[in-house]
Every structure is written in structure tokens, then in C-alpha cells.
Amino acid sequence: MVQEGLTNARKHAPGAAVEVLVQCTGGVPGGTIQVVVSNAVVPGLTRAELPGAGTGQLGLAERTAHHGGSLESTVEDGRFVLRATVPLGRVGSATARETT
């Protein structure tokens, strides 16, 4: 999640400062981990001018959903924000099945 967020910032807002927050709440199971990556929006840049194939966030959303989480991308106060939330220790998750 962090890698995709940093890649997006490098591609879409070169030179902008990037903030990364990784926060765990609650215990295992029942808690969540939230990853937030944000950067300033480049003024005047349109979606059509953005480089890339547009599949990075789609793949991240699919992986996040596979583990019972959610992904959102928004613009808040002039910053692009990528926010992923995933439950910790979800029973029946792909990770739990692979380790048993």
C-alpha cells in the first residue's frame, strides 16, 4: 500500500512532499490497520495529463478487498489522499489459509 502511494506521488506530483501514516487500532483479531499516503495536488494538472496506465489503484483496491478491507482516494484540502483500511487477523482471510 505504501509503495503504491509513493509511486503515485512520484508520478503525479513530482517534487511534492509526501506524508505516510500507518496506524493500528485494536487487537488481533478485531482491530484494523490503516495506511494513509498523501501529497499536494499539482495545480492545473488534469486527469488526462496524468502518466500511467491507471491500474495501480485498481490492483491495490482488489488486494485490499480480498483481505476484507477498503480503499479510497480523495482530494482533501488541496492534497491527494490514498487511504486503505484492512482488518487484523480476520478469520478466513487468504493469509490465514496460506499459513495453516
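## Nonpolar surface patch

In this predicted model, Leu6, Val18, Val20 and Val22 together make a nonpolar surface patch of about 290 Å². Strand β1, which covers residues 18-25, supplies the largest share of the patch, with three residues. Valine 22, one of the patch members, has its place in strand β1.

## Serine 38

Strand β2 runs over residues 32-40 and includes serine 38. The relative accessible area of serine 38 is 8%, so the residue counts as buried, the cut-off for that class being under 20%.

Once neighbours within four places in sequence are left aside, serine 38 is in contact with Ala17, Val18 and Glu19, and also with Arg79, Phe80 and Val81. Val18, one of these contacts, is also part of the nonpolar patch described above.

## Proline 87

Proline 87 lies in strand β4, which spans residues 79-87. Its relative accessible area is 25%, and proline 87 is therefore partly exposed: the value falls between the limits of 20% for buried and 50% for exposed.

With neighbours within four places in sequence set aside, the contacts of proline 87 are Gly31, Thr32, His67, Gly68 and Gly69. Thr32 belongs to the residue range of strand β2, 32-40.

Proline 87 can also be placed relative to cysteine 24. Along the chain, these two residues are 63 residues apart, while their C-alpha atoms are separated by 9.5 Å.

Technical notes. Residues numbered from 1 in each chain as written. Predicted model: local features only at pLDDT ≥ 70, side-chain atom pairs only at ≥ 80, totals over all residues. Heavy atoms only, no water. Helix = DSSP H or I, 4+ residues; strand = E, 2+ residues; numbered from the N terminus. Buried < 20%, exposed > 50% of the residue type's maximum accessible area, 1.4 Å probe, protein only. Contact = heavy atoms within 4.5 Å. Patch = residues over 30% accessible without salt bridge, like charges linked within 9 Å, V, L, I, M, F, W, Y side chains within 5 Å. Areas by Shrake-Rupley, 256 points an atom, 1.4 Å probe, with all protein chains shown as cover. Salt bridge = Lys/Arg side-chain N within 4 Å of Asp/Glu carboxyl O.
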